[in-house]
Amino acid sequence: MKKRLKPVKKRNAARHKPSGHGPTQQGSDEQGAIIKRGRGLIKAALVYPNTYKAGMSSLGFQTVYRLANQIENIACERVFLPDPRQKVRQIKSLETGLSLDRFDIILFSISFENDFLHLVQLLKETGIPLRASDRNHTHPLVVAGGVACFLNPEPIAPFMDLFLLGEAECLLDGFFEQFQKADNRAALLSTIETLLPGAYVPSLHLPIFYSRPPISSPSVPAKIDVQYLDTLDRIKTTTTITTSQTAFKETFLIETLKGCPHGCRFCTAGFIYRPPRIYPTETIYQAIDEAKDRAKKVGLVSSAVLDHPDIHLICQYARDRDLKLSFSSLRADMLTDQIIEILSESGVKTATIAPEAGSQRMRDIINKKITAEQILHAAGRLVDKGILNLKLYFMIGLPFETDLDVEAIVSLTLDIKAVFLETARKKKKIGTITLSINPFIPKPCTPFQWCAMTPEKVLKHRIDIIRQGLKKIANVTTNFESLRQAKYNALLSLGDRDTADILETAAQYGWTRAMKINREYCDRVIYQEKPRPGKTCPAAPLPWDILRHRVRDEFLAREYERSEQEKKSVSCPMTDCSLCQICISPS
């Protein structure tokens, strides 16, 4: 059936779906879902290319759903990766059961690169031509956004008609306005980049490949400016739909700030969102008041939740309203007695801290500005308040890492265990220390974007160091991320448009065969260091250089040099961009 790009405008009615009336078992206990019915609606499928539980745990995904449905003529429905336990995989919307290929627009919301493969699988299973060049006006317009896309959209660029790059609040209204105005698909795609900042039509650009010289296209802007809100004064980001089927159970999530001031050199949040922006305290109070009527627990969410200047006032406001609290992240150096007391009162049994590295040398290299003393002090106080289990995040394979740095992970864990034992004896209980060990993956838009991933043989050796050092230690468990999966993720993080061919092969035959067939290309992307800007030579262009973020490569390169020198850098003050002179600079 032929789809019209511009349906007849007509007023419509929206209703919120009550608990227990979903068309499938997924989401059957939801509160807050929206169903729009009426003629002339533009039907948009908001697709999270992973499970319902993963998608509904994403505050960004829920925000896009709410914003899209606030637009009068848009009916936005959710689609998720089918449950693998289902005998028949049906790729249909949760709200009305409409098949994915029957929508006018498909909006992929992608938070993590490892979901790129799921995106390919969903399109293939629905029967929609995978490549944008093979689709026409009878097919839905396929659009993608989310943080994984505005880090590096190129591995999936051949599959996309259009990207919306940046924060949804800056893009959705303008996109749907242009969609409704356009006479046809070709007219929309040929003009939207000039009308909507942050729109990226891959077919209009000559891509950057690792193995070919770059060529500029004179007909379109050389770079796409990723869009960010200047201020959070007029918005709030909270849970739209509550359900028990999420990682946070029936917790009402409230975002407290965007970004992170600390600038850990491996982490995208400290650079792509620089400078961090803080939600006004009054806005968070209003969100807590809303939460009081919908849940018994509030989850405060951000990359650096304890860095909100009024975090203690916010916590007290929630406690005064008999709400339990949880936090998305904790820094050992910011765990005050009040925060630990709140965790204990809220029934938290396991606290998570991310030292990232075992030695102080490595923590200086990655700009993780915490000390072993702060980590040990935090561990002791947590146990003293009855939080008996501790989860520790570490990375291996970091730039400039040696075996001695990995041995320091063992030493730090043993020191933490000693603190646990000393405090636990008073409580006559002892908990468990769980290590989560993840291989370092270079990420675009960070000071380590030019680095190579550490070879698998070296990573296996370093895993053995940790296993041997902790194998006889009671109440300590270790979980290691799959090295094979980490390699796939590195390819998807760093790849150019040739990666799309590998994704197609992997969707049909599996990752092992896909990477074996393309071993030379994969090794070049994953294991070769990229030339970075220096005093004598310019950097080679990278695939994601089609995008322009607020932070420039010159600053990232300086941060890389400081890591070589084992020097820390100060955190972003979150007050005046002129202090660092990088976030607002001439284009």
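Start by selecting strand E15, residues 350-356, and go to Glu 356, which lies in this strand. The model on the screen is a predicted one. Glu 356 is not a glycine, yet it has a positive phi of about 70°. Most residues other than glycine have a negative phi, and most peptide bonds are trans. With a relative accessible area of 11%, Glu 356 is buried, because buried means under 20%.

Next, select Cys 445, in the loop between strand E17 (433-439) and helix H14 (456-470). Cys 445 also has a positive phi, of about 65°, although it is not a glycine. Its relative accessible area is 9%, so Cys 445 is buried.

Now select Arg 274 and Pro 275. The peptide bond that joins them is cis, with omega about 0°. Pro 275 is in the loop between H7 and E12.

**Aromatic rings**

The structure holds 15 aromatic pairs. To see one of them, select Phe 150 and Tyr 273: the ring centres are 6.2 Å apart and the planes are at 90°, so this pair is edge-to-face. Which parts of the chain does the pair tie together? Phe 150 lies in helix H4 (residues 147-151), while Tyr 273 lies in the loop between helix H7 (269-272) and strand E12 (277-278), so the pair links parts that are 123 residues apart in sequence. Phe 150 is buried, at a relative accessible area of 3%. Tyr 273 is buried too, at 19%. Going back to Phe 440 and Phe 448, the centres of their rings are 5.8 Å apart and the planes are at 90°, so that pair is edge-to-face.

For a group of rings, select Tyr 48, Tyr 52, Phe 61 and Phe 80, which form one aromatic cluster.

Select helix H2, residues 59-69. Why can this helix be called largely enclosed by the rest of the structure? Nine of its 11 residues are buried, so the rest of the structure largely encloses H2.

Two arginines can be viewed together with a ring. Select Arg 321 and Tyr 317: the charged end of Arg 321 sits over the ring of Tyr 317, 3.4 Å from the ring centre. Then select Arg 513 and Tyr 509, where the arginine lies over the face of the tyrosine, at 4.0 Å from the ring centre.

**Two open sheets**

Colour the strands of the open sheet with the order E4-E3-E5-E6-E7-E8; it has six strands and mixed pairing. Its edge strands are E4 (74-80) and E8 (199-200), and each pairs on one side only. Inside this sheet, zoom in on strand E6 (residues 141-145) and strand E7 (residues 162-164), which run parallel and are joined by two bridges. Ala 144 stands opposite Phe 163 in E7. Helix H5 lies across E3 (42-48), E4, E5 (105-109), E6 and E7, and runs at about 160° to E5.

Move to the open sheet with the order E10-E13-E14, which has three strands and parallel pairing. Strands E10 (251-255) and E14 (324-327) are at the edges with a single partner strand each, so one side of each has no neighbour in the sheet. On average, neighbouring strands here are turned by 25° against each other, direction ignored. How many bridges join E10 to E13? Five bridges join E10 to strand E13 (residues 297-301), and the two run parallel. Select Phe 252 to find one such place: its bridge partner in E13 is Val 298. Helix H8 (residues 281-292) lies across E10 and E13, at about 170° to E10.

**Last stop: Arg 497**

Select Arg 497, in the loop between helix H15 (483-494) and helix H16 (499-509). Arg 497 counts as buried, at 12% relative accessibility. Its side chain makes a polar contact of 2.9 Å with the side chain of Tyr 200. Leaving aside residues up to four places away in sequence, Arg 497 touches several residues, including Glu 154, Pro 158, His 205 and Phe 209.

How values were computed. Residues are numbered from 1 along each chain as its sequence is written. This is a predicted model: local features need pLDDT of at least 70, side-chain atom pairs count only at pLDDT 80 or more; totals for chains, interfaces and linings use all residues. Side-chain values use heavy atoms; hydrogens and water are left out. Two strands pair if DSSP finds at least two bridges between them. Helices (H or I, at least four residues) and strands (E, at least two) are DSSP runs, numbered from the N terminus. Contact means heavy atoms within 4.5 Å. Axes are lines fitted to C-alpha atoms, for helices over the stretch in contact, and angles run from 0 to 180 degrees between N-to-C directions. Rings of Phe, Tyr and Trp (its six-membered ring) pair if their centres lie within 6.5 Å; planes under 30 degrees apart count as stacked, over 60 as edge-to-face and the rest as tilted. Buried means under 20% relative accessible area, exposed over 50%, partly exposed in between (1.4 Å probe, protein chains only). A charge sits over a ring if NZ of Lys or CZ of Arg is within 6 Å of the ring centre and within 35 degrees of the ring normal. A polar contact is a pair of N or O atoms within 3.5 Å; within protein, one must be able to donate a hydrogen and the other to accept it, and residues adjacent in sequence count only if both atoms are side-chain atoms.
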